[in-house]
Amino acid sequence: MSEAVQAMLQTNAEAARETERDADPGFLWDFWYPAVRSTEITGRKLATAMLLEVPLVLGRTSDARAFALRDSCPHRGMPLSYGRLDGQAVECCYHGWRFDACSGRCVEIPSLTSQDKLKVERIFAGHYPCAERDGYVWVYMNEPGTRLPETIPAAPALPVFSGKYKITHLACELPSHIDHGIIGLMDPAHGPFVHQSWFWRSRHSIHEKEKQFEPIPNGFRMSKHSPSTNSAPYQLLKKMTGEPVTTTIDFVLPNQRLEEIHSGKLWFSSRAAVTPVRRDLCRIDFVAAWNVVFLPVPIFRMFGKTFLRQDQETMIRQAEGLKHNPQLMLIDDADRPAKWYFALKANLLESRRTGTPMVHPMAGPVTLRWRS
Ligand code: FES
Ligand SMILES: [Fe+2]
């Protein structure tokens, strides 16, 4: 290849990267997102995470409060995670500026002399509200350059239905844009092809399904129903209690799929949250809780990991195809949930832009039919 052609290709590639960086990454700001597991911030340890392309440093103060700061010193951009935490403040490793961990307010600039007039307390490191739920540190991501609203909603919590229960967490990364991560998560038609397992189902068990959906605030619900009877775990549950098994599945913006299964006094509750790390990377945080005695945590984790790995491998392969910007299509009824997701997202952004109430894309209950 001639040098001129090579140079041209290089310039084109750079220009493409530039456009990509400037394009709107399609994130939903002003929501809570799980950043790290609570167990990652112990003692004076600083942990890092990236949410919606914002680098964060997280830790815990000496009075056990979790905090999240932008991992960038307002002085000259040094990641604060290279610094140290004294229990109250984070000290930057470069020039020793110290910031109150919870408010981000600068409390000391060691280089200042008594002559200096600089108002130290007017300097802030970016900071984000934090809350701990279900073993995660959640961070409220308000859009860069905007002020935090007066009141922010409570961080989401996994519904549980008895005092005693088992709980476990799994996570996996997907090399995908958040939208593909989410529509992959709630896609009803990939099951028989992606999740073939001896303990779950084979592709031959494919059959016609009819499910009722209803609108809920910021999302939609697959109404309470009896789950597919060709899955062994459901059959077992029914045998145990002698009562019908019911399940309800919700999707709620920005990123959560919640599932509740009940049979008599036994229950199982799970949440998968897909969080954008960068525009080309997201992470599934999966938490499940249950009071079903015959389901030990290690067994459940084995099955759960298999499921997640199957989804992850599929998304890795899909990412290969999506690199070339193909035209995509969403079909009825199997892709209707994906269409609702895009409509919910668009309508939410529109209502924020105009300050008018959000229009829900579903006028009322809807029955969808597909084979899976
Ligand atoms: S860069 Fe942090 S104190 Fe200078
Ligand atoms: Fe899946």
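Predicted model: local features only at pLDDT ≥ 70, side-chain atom pairs only at ≥ 80, totals over all residues.
**Close-up views of a pocket and aromatic contacts**

View 1. Residues are numbered from 1 along each chain as written, chains are lettered from A and ligands numbered from 1 in written order, and side-chain values use heavy atoms, without hydrogens and water.

**View 2. The second largest pocket has a volume of about 670 Å³.** Among its 18 lining residues, His177, Arg279, Asp280, Leu322 and Asn325 are the closest to the centre. A pocket is an open set of points on a 1 Å grid over the protein atoms alone, where a 1.4 Å probe fits, with protein on both sides within 12 Å along at least five of seven lines; lining residues have an atom within 4 Å of a point. The volume is the space filled by probe spheres set on the points, which are joined across faces, edges and corners.

**View 3. Phe213, Phe220, Phe251, Trp340, Tyr341, Phe342 and Trp370 make up one aromatic cluster.** Across the whole structure, a search finds 16 aromatic pairs. Rings of Phe, Tyr and Trp (its six-membered ring) pair if their centres lie within 6.5 Å, with planes under 30 degrees apart stacked, over 60 edge-to-face and the rest tilted.

**View 4. Arg37 lies over the face of Tyr136, 5.9 Å from the ring centre.** The criterion is NZ of Lys or CZ of Arg within 6 Å of the ring centre and within 35 degrees of the ring normal.
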